Amino acid sequence: GPYLLPYIVPTLKVAFPDLEVFLYEAQTHQLLEQLETGRLDCAIVATVPETEAFIEVPIFNEKMLLAVSDEHPWAKEKKMSMNQLKATSLETLRNMVSANAGITFMPELAVLNEGARKGVKYIPCHSPEPSRTIALVYRPGSPLRNRYERVAGAISSEVKLILAGEK
């Protein structure tokens, strides 16, 4: 929500001036529960196995970047192979956490919105490149299918430009 909404709300207002949008942010499982019960018309989420019960309209794929402390030994790396992460022992992870030097993956839009945060280094990974798919989901059989597809298309066009560095 906080990473995507600043980009898409202005786009939706221009593309669909008569569209009345009520935004609600929650965890994915809560959104899907509300979608299933009809309290929400559609939701924008990272796809997970639970979204397969709905119609998924992919909007964009987003890279996940490894976030490490500037002081972490990997901070000097330009790119990391996923195999390097697998080689880390549980004891190393435990020691890193206890030393307040944990690592995590961050979505690309979160990194773009933030820019450089003091003390954090973002490293692209490969073999395979971790990513997630962001999709608009809605209930099967919805009479508003065409509208949802158009909204998803407008969001997709905007975000792809942003991720390509063209906006």
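This is a predicted model: local features need pLDDT of at least 70, side-chain atom pairs count only at pLDDT 80 or more; totals for chains, interfaces and linings use all residues.
Local features are given where pLDDT is at least 70, and side-chain atom pairs count only at pLDDT 80 or more, while totals for chains, interfaces and linings use all residues. Residues are numbered from 1 along each chain as its sequence is written, and side-chain values use heavy atoms, with hydrogens and water left out.

The protein has six helices and seven strands, where helices (H or I, at least four residues) and strands (E, at least two) are DSSP runs numbered from the N terminus. Read from the N terminus, these elements follow the order α-α-β-β-β-α-α-β-α-β-β-β-α. Of the 167 residues, 34% are buried; buried stands for under 20% relative accessible area, exposed for over 50%, and partly exposed for what lies in between (1.4 Å probe, protein chains only). Contact means heavy atoms within 4.5 Å, and among contacts between residues at least 6 apart in sequence, 77% join residues at least 24 apart. The exposed surface comes to about 10600 Å², of which carbon and sulfur atoms supply 53%, with areas from the Shrake-Rupley method with a 1.4 Å probe, and for residues only the protein chains shown count as cover.

The interior can be followed through its nonpolar cores, a nonpolar core being a set of buried Ala, Val, Leu, Ile, Met, Phe, Trp, Tyr and Cys residues joined through side-chain atoms within 4.5 Å. The largest holds 19 residues, of which Phe60, Leu136, Ile155 and Val159 touch the most other members. Two or more residues of this core come from each of helix 1 (5–15), strand 2 (55–69), strand 7 (131–138) and helix 6 (145–163), and helix 6 gives the most, with seven residues. Apart from this core lies another, of nine residues, including Val68, Ala75, Met82 and Leu85.

Helix 6 deserves a separate look. Its 19 residues should span 27 Å at 1.5 Å a residue, and the end C-alpha atoms are 26 Å apart, which agrees; the expected span is 1.5 Å times one less than the number of residues. The buried residues of helix 6 are Tyr148, Val151, Ala152, Ala154, Ile155, Ser156, Glu158, Val159 and Ile162. An α-helix has 3.6 residues a turn, so residues three or four places apart point the same way. Ile155 touches Ile8, Leu12, Ile44 and Ile59, not counting residues up to four places away in sequence. After helix 6 comes Gly165, whose phi is positive, near 80°.

Gln34, in helix 2 (residues 28–36), counts as buried because its relative accessibility is 13%. Beyond residues up to four places away in sequence, Gln34 touches Tyr24, Arg39 and Leu40, and its side chain joins that of Tyr24 in a polar contact of 3.3 Å.

Pro124 lies in the loop between strand 5 (120–123) and strand 6 (125–126) and is partly exposed, because its relative accessibility is 31%. Although Pro124 and Leu66 are 58 residues apart along the chain, their C-alpha atoms are separated by 6.3 Å. Leaving aside neighbours within four places in sequence, Pro124 is in contact with Leu65, Lys78, Lys79 and Met80.

Conventions:
A polar contact is a pair of N or O atoms within 3.5 Å; within protein, one must be able to donate a hydrogen and the other to accept it, and residues adjacent in sequence count only if both atoms are side-chain atoms.
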